[in-house]
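User: I'd like to learn how to read a structure like this one, feature by feature. Could you walk me through it?

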Amino acid sequence: MQILARSFPACLASLLVACGGQSAPPAPSVNPPTPPTVTLLYTVMGTVNNASTGASIANATVRVADGPNAGLTATTDTSGAYRLTGLTFAGFSVSVNAAGFASQSRGVLLTAGTLTTTANFSLTPQNFSGAWNGTTSQGLPVSFTVSGT
């Protein structure tokens, strides 16, 4: 179809008209790539000390006891500090063992978005005692008792 512009006789304009109910073909569907899933890794850190004296406990073993992080361990340094890293988001129990101390275990609940959680432990010294009775190679009776913490 051509239309003649009245105020500009020398000018012709063309107009495309869609007829018959046809429309332009649909645009091709483009699915954007799925972004990769990012897994946040969490850390539990803290200190382990002697409940009686407050002194740091070196070489204590700190272990995740259950849940998806079960089996991850850390050992305290000379200042009693430990750090469990690479934890996935979950609730779980952490247990602490050290020679000469009663073991301790407690639940830890990670908070979404808070990548570091602190869990300090105070271990109670284990009391020990023992007695032994016997004889020397010369047949003399010997006996002793030991106790302490």
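Analyst: A residue counts as buried when its relative accessible area is under 20%. Take T43: its relative accessibility is 12%, so T43 counts as buried. Keep in mind that this is a predicted model.

User: Where does T43 sit, and which residues is T43 in contact with, leaving aside its neighbours within four places in sequence?

Analyst: T43 is in strand β3. Setting aside neighbours within four places in sequence, T43 is in contact with R83, L84, T85 and L87, and also with L115, T116 and T117.

User: L115 turns up there. Where is L115 placed, and is L115 buried or partly exposed?

Analyst: L115 belongs to the loop between β8 (104-109) and β9 (116-118). With a relative accessible area of 39%, L115 is partly exposed. Together with V38 and L40, L115 makes a nonpolar surface patch of about 280 Å².

User: Okay, what about the overall layout? How many helices and strands does the protein chain have?

Analyst: The count is 0 helices and 12 strands. Read along the sequence, the pattern is β-β-β-β-β-β-β-β-β-β-β-β. Of the 149 residues in the protein chain, 21% are buried. The chain exposes about 10400 Å², with carbon and sulfur atoms supplying 57% of that area.

User: How do I read contacts that span the sequence? What percentage join residues at least 24 apart?

Analyst: You look at contacts between residues at least 6 apart in sequence and ask what share joins residues at least 24 apart; here that share is 44%.

User: Now the aromatic pairs. How many does the structure hold?

Analyst: The structure holds 2 aromatic pairs. Y42 and F89 form one of them, with 5.6 Å centre to centre and 45° between the planes, which is a tilted arrangement. This pair links distant parts of the chain: Y42 is in strand β3 (residues 42-50), F89 is in the loop between β6 (81-87) and β7 (91-97), and the two are 47 residues apart.

User: Are Y42 and F89 buried or partly exposed?

Analyst: One of each. Y42 has 4% relative accessibility, so Y42 counts as buried. F89 is partly exposed, because its relative accessible area is 47%.

User: And which residues form the other pair?

Analyst: Y82 and F121 do, again tilted, at 6.4 Å centre to centre with 50° between the planes. Y82 lies in strand β6 and F121 in strand β10 (residues 121-123), so the pair ties together parts that are 39 residues apart in sequence. Both Y82 and F121 are buried.

User: Which charged residue lies over the face of F121?

Analyst: That's R106, at 4.2 Å from the ring centre of F121.

User: One more for practice. What can I read about L72, starting with where L72 is found?

Analyst: L72 is found in the loop between β4 (61-64) and β5 (73-75). Its relative accessible area is 32%, so L72 is partly exposed. Now compare sequence with space: L72 and L84 are 12 residues apart in sequence and 7.2 Å apart in space, C-alpha to C-alpha.

User: Which residues is L72 in contact with, beyond its neighbours within four places in sequence?

Analyst: L72 is in contact with V62, R63 and V64, and also with L84, T85, G86 and L87. Look back at T43 and you'll find L84, T85 and L87 among its contacts too.

Key
Residues numbered from 1 in each chain as written. Predicted model: local features only at pLDDT ≥ 70, side-chain atom pairs only at ≥ 80, totals over all residues. Heavy atoms only, no water. Patch = residues over 30% accessible without salt bridge, like charges linked within 9 Å, V, L, I, M, F, W, Y side chains within 5 Å. Areas by Shrake-Rupley, 256 points an atom, 1.4 Å probe, with all protein chains shown as cover. Salt bridge = Lys/Arg side-chain N within 4 Å of Asp/Glu carboxyl O. Buried < 20%, exposed > 50% of the residue type's maximum accessible area, 1.4 Å probe, protein only. Phe/Tyr/Trp six-rings, centres within 6.5 Å; stacked < 30°, edge-to-face > 60°. Lys NZ or Arg CZ within 6 Å of the ring centre and 35° of its normal. Contact = heavy atoms within 4.5 Å.
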